[in-house]
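The following note sets out points for a colleague who is reading the model alongside its sequence. Each point takes up one part of the structure.

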Amino acid sequence: MSILVDENTTFIIQGITGREAVTMAREVLDYGSKLVGGVTPGRKGRDVHGVPVEDTVRALTERTRVDASVVSVPPGFAADAVLEAIDAGIKLVVVVTERIPRKQVAQFVEYAKQQGTRIIGPNCLGVISPGKSKVGGVGGANTERAFHPGRIGVMSRSGGMTVEIANSLSAAGLGVSTAVSIGGDAIIGSTYAELMPLFDADPDTHGIAIYSEPGGRAEYELADYMAQSGSKLPIVAFMAGRFMDEMPGMRFGHAGTIVEGKADTTAEKIANLEAAGISVAERIEDIPRLLRERLGETD
Amino acid sequence: MRFYEYEAKDLLRRHGVPLPQSRLAHTAEEAAAAAAELGPVVLKSQVLSGGRMKAGGVKFADTPDEAAAATTEILEIAINGLRPVGVLAEEKRTITQEYFAAVTYDGRAKLPVIIFSDMGGIDIEEVAEQHPEHLSRTHFSAARPFSDYIAKNAVAAVGVTGNDLNALTRIVASLARIFLQYDLTLAEINPIGRLDDGAILALDSHMDMEAEARRTHQALLKELGVDDDDNRQARPPTPFEIAAAQLDAADPRGVAGNLTEFDGNLGLIIGAGGGSLTLFDAVRQAGGHPANYCEIGGNPSVSKAAALTKLICEQPKVEKIAVMMNVVSNTRVDIVARGVIKGCIEAGFDPSEKIAIFRIPGSWEEEGFAILDRYGVDYVDRSVSMHEAAARAVAKMQA
Amino acid sequence: MAMFIRVDIDEAVQRDPALCRQLVEVCPVDIFALEESGRVTTVEPNLDECTLCALCWEAAPEGQVNVVRLYRE
């Protein structure tokens, strides 16, 4: 099994004629994903690598089943695109766009919750269930090399590190059940703790690898979840941005990555994760070994 | 982007929040004139840093002469490395009670939240830990127009009633509206003071606007006198950083910039987001000395990657550069390879010598490796981890 | 001067005004431009930006638009 997306997931790309989206369209098609259409206002009737382009989301949802949408439009248009997808009844919206102002994210995340739509992102690379489908650009053109089908769930605040971690898991023979690039912004649609119940319910996920960094409270929320839910999945976390502990007030990397208070530092987060029984890896290449230890597979 | 106190108060004034009379002074003479007009004043350093009181950035003056002397002193004091841009001379009032109000986003609830306390003027984290009953947290919707009752609930939750409740409700509601209207990530008034005559005024304020929203609020920023290249980081930008920001802004295709200068000798071109944090840590763990942090991502154009590379290579302290990223998905190996080689050559260096290591596996890597082969650049594939690649670059610097 | 990419346009392309216009439209990095005469030409500063997306050579009959990777020569 897997979570969120599988071989039957049909989806569209909003902003499909953009420079990034054209490449993404070709890569998801090459991977075998069911990309059924794209939207760019004013470009109705065109096609991108054989995928039909429409002016509106509704034009696509009226004639075909659309399980998900990837929003890949400039930041000034992203909130509108997300609302259009939600109102067209799409239940999974993956927001790739970065630099969307926080207020707009809070607004569409709140509306999505009311309408029963799950948001992944913003500022993410999407979701992949290796060997089945990928919804978003995660993995690029050589997805198979980094993502072997397997038994570890991956969640990462960094799109790039989603792939790096998957690559290390695949090289070590553990593979990936589903990897979710959850996004690097201060407010995101789905946090580690919110996705954990899905992984807990997936019999093919035997362990979890997460990437995290300074800023925000998502790691504390995950630690609380592990304490309260009785989840049995072993988790190994990698914490980047340790140099930032000495540089309060400076923003590096993602919009959500800044040390404003003690709770934002990597030192505090690592202590909190370890107290919740989550192993913390020093280097990416240590993640597979720690997972095997936690799975009782050490030799 | 942090606002100065006088700018934050300008926003509060525009929204009808009652404030003490004040004048911004850039010189001792201007401060003396303000004191002549306002009577006894408090003089506050206008600097983008907390801890002003401890650092000597806040002084009291009863006469114009005292105000001039105090201002001369305050203007000399840098706080956390930042110089004040002036002194805010504000009429001195007698305060009988202090309150705290802030609006920010709670990433966990994914909603804006009002934090209110009747123990203002002191460290709010301390209040939260030691006197939780004196602090309320009230979430609200960013999607709906703000309603005053939410501010009233926040104030009433700590036991405030009577005239104070009504006056504070108006102030907190205005603060929440300002927060939403101007895409702020923090809007704080601390303290809000009740005076001996019962009036309630905003005495100090701290506001941060989200960098992504600056363009939306260009008109307001212009009115407040905030320049486009005034980045308001925790320390003033260096010329190297300003140049990187300019080249990033000049081309909307992808990100190549967000550069922070360090005092080492190894120039870094290290992906965006998480990969860059991981690699910066890795270089330091290996004993290396970065000359910079920067970001490349979202598939920048070849010319943009080249411009950033050229800028880094041209810094006198940069001996070599390391070009490293995590396994990339949408940023293409070949495009970055073209950009860094072009940038090296344009800066007058041989890429095979200047580039200590190129470790970018992933999208279009065969194409990228063909380019690197042609120019003799040392590269590794994904079988060499990020930490190992960083260690190799550092070893080359020491050779 | 472009270091990495050269684009060769066959004379046959110039006899098809619709194709000339199409090349300008499909290229995501603006490598093609129309001259006043209606002939299609390449924009020198944009050549190295080529993403090898294939849209131009797929739009033209086989062999009429060739994207040459100079580093493979």
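**Notes on the predicted model**

1. In chain B, strand β14 (residues 320-324) and β15(B) are paired in the parallel sense through 4 bridges. Within this pairing, B:Ile321 has B:Ile355 of β15(B) opposite it. The coordinates discussed here and below belong to a predicted model.

2. The pair belongs to an open sheet of 3 strands in chain B, with the order β12-β14-β15 and parallel pairing. At the edges stand β12 (266-269) and β15 of chain B, each of which pairs on one side only. From one strand to the next, the twist averages 15°. Helix α11 (residues 302-313) of chain B packs on this sheet, where it touches β12 and β14 of chain B. The direction of α11 makes about 170° with that of β12(B).

3. Chain A has an open sheet of 7 strands, whose order is β9-β8-β11-β10-β12-β13-β14 and whose pairing is mixed. Its edges are β9 (133-135) and β14 (279-281) of chain A; each has a single partner strand, so one side of each is left without a neighbour in the sheet. The twist here averages 20° from one strand to the next.

4. Helix α6 (residues 159-171) of chain A lies across β10 (149-156), β11 (176-181) and β12 (207-212) of chain A, and runs at about 155° to β10(A). In helix α7 (residues 192-200) of chain A, the buried residues are A:Tyr192, A:Ala193, A:Leu195, A:Met196 and A:Phe199. Because these residues cover an arc of only 155° around the axis, they are on the same side of α7(A). The elements that cover the buried residues of α7(A) include β10, β11, β12 and α8 (218-229) of chain A.

5. Which residues bring α2(B) and α4(B) together? From α2(B) come B:Ala28, B:Glu29, B:Ala31, B:Ala32, B:Ala34, B:Ala35 and B:Ala36, and these meet B:Pro64, B:Asp65, B:Ala67, B:Ala68, B:Thr71 and B:Thr72 in α4(B). By class, the residues of this contact divide into 9 nonpolar, 2 polar and 2 charged. As for geometry, the axes of helix α2 (residues 28-38) and helix α4 (residues 64-76) of chain B come within 8 Å and cross at roughly 145°. The crossing of α2(B) and α4(B) is right-handed.

6. The contact between chains A and B takes 56 residues from chain A and 46 residues from chain B. On the side of chain B that touches chain A, β6 (111-117), α10 (273-285) and α15 (386-398) of chain B each supply at least two residues. The largest share of that side, 9 residues, is contributed by α10(B). Its composition by class is 20 polar, 16 nonpolar and 10 charged residues.

7. Most peptide bonds are trans, and most residues other than glycine have a negative phi. The bond from A:Gly121 to A:Pro122 is cis, with omega near 5°, and A:Pro122 is placed in the loop between β7 (118-120) and β8 of chain A. A cis bond is also present from B:Asn190 to B:Pro191, with omega near 0°; here B:Pro191 has its place in strand β8 (residues 184-195) of chain B.

8. The place of B:Trp364 is the loop between β15 (355-359) and α14 (365-375) of chain B, whereas C:Leu52 is in the loop between β3 (40-42) and α3 (55-59) of chain C. Are these two sites buried or partly exposed? B:Trp364 is buried, because 23 other C-beta atoms lie within 10 Å. C:Leu52 has 15 C-beta neighbours inside 10 Å and therefore counts as partly exposed.

Conventions: Residues numbered from 1 in each chain as written. Chains lettered and ligands numbered in written order. Predicted model: local features only at pLDDT ≥ 70, side-chain atom pairs only at ≥ 80, totals over all residues. Pairing = 2+ DSSP bridges. Axes fitted to C-alpha atoms, helices over the stretch in contact; angles between N-to-C directions. Contact = placed C-beta atoms within 7 Å. Nonpolar A, V, L, I, M, F, W, Y, C, P; charged D, E, K, R; others polar. Left-handed = near helix turned anticlockwise from the far one by under 90°. Buried ≥ 20, exposed ≤ 12 C-beta atoms within 10 Å, placed from the backbone. Arc of directions from axis to C-beta.
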